[in-house]
Amino acid sequence: MEKRKKKILTAILSLLLIAVYLMIFRLSADNGENSSRISMKVSKTAVSLYYRLRGGGMDDAAFVTGAAACVEGAVRKLAHFTEYMAVGFLSGGIWCLWVADGQKRTAGVLVQLLVSAGLDELHQYFVPGRHASLRDVMIDVLGGCAGFAIVLCLKGLTKVWNHIRRRESETCF
């Protein structure tokens, strides 16, 4: 890839990465009560949607609230995983553009994920009603690794696709 295109793509990925980090920081800054309210609202929406998709309109508010309370913890952990999946995808994209050595690239992404997840949890330690959790750091890092794995798969598919296109163009003439 030519250097100008790499710089433009890096700028775009970096801006998106900054936006994701700002979103993570903003959500982590919510006190415990607001954070729980948001995740409960998402949980209720997910439960209601699930029952609508199954064909049974579950209009019983008490049932939806009870079911949402059961899945709220999983929804919160899925949010951690998904946020950092975006971080791993964007960060991994930047690292893949500029670092050819696979081990250095992977180490760089892992260090970035560990540091950012650790700082996120440290930040939550000082927010009223919130606490730091090593489990959340691990979930964040796993999500980031999943995002980075997607980048590596896309990179591999791109290599295969380019190889096939080169072979086809060579055999056509």
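**Figure 1. Left-handed crossing of helices H1 and H3 in the predicted model.** Helix H1 spans residues 3–29 and helix H3 residues 61–98. Their axes come within 9 Å and cross at roughly 155°; angles over 145 degrees count as roughly antiparallel, and H1 and H3 are therefore roughly antiparallel to each other. The contact of H1 with H3 comprises 16 nonpolar, four polar and four charged residues.

**Figure 2. Right-handed crossing of helices H1 and H4.** The axes of this pair come within 9 Å, with a crossing angle of roughly 25°. H1 and H4 are therefore roughly parallel to each other. From H1, the residues Leu17, Tyr21, Ile24, Phe25, Ser28 and Ala29 meet Gln112, Ser116, Asp120, His123 and Gln124 of H4. By class, the residues of this contact divide into five nonpolar, five polar and one charged.

**Figure 3. The largest nonpolar core.** This core has 17 residues, and those with the most contacts inside it are Tyr84, Val87 and Leu113. Two or more residues each are given by H1, H3, helix H4 (102–125) and helix H5 (134–172). H3 supplies the largest share, six residues. In soluble globular proteins, nonpolar side chains tend to be buried together.

**Figure 4. Surroundings of Tyr84.** Leaving aside residues up to four places away in sequence, Tyr84 touches Ile24, Leu113, Ser116, Ala117, Asp120, Asp140, Gly143 and Gly144.

Key: Residues numbered from 1 in each chain as written. Predicted model: local features only at pLDDT ≥ 70, side-chain atom pairs only at ≥ 80, totals over all residues. Heavy atoms only, no water. Axes fitted to C-alpha atoms, helices over the stretch in contact; angles between N-to-C directions. Helix = DSSP H or I, 4+ residues; strand = E, 2+ residues; numbered from the N terminus. Parallel < 35°, antiparallel > 145°, perpendicular 65-115°, else oblique. Left-handed = near helix turned anticlockwise from the far one by under 90°. Nonpolar A, V, L, I, M, F, W, Y, C, P; charged D, E, K, R; others polar. Core = buried A, V, L, I, M, F, W, Y, C linked by side-chain atoms within 4.5 Å. Buried < 20%, exposed > 50% of the residue type's maximum accessible area, 1.4 Å probe, protein only. Contact = heavy atoms within 4.5 Å.
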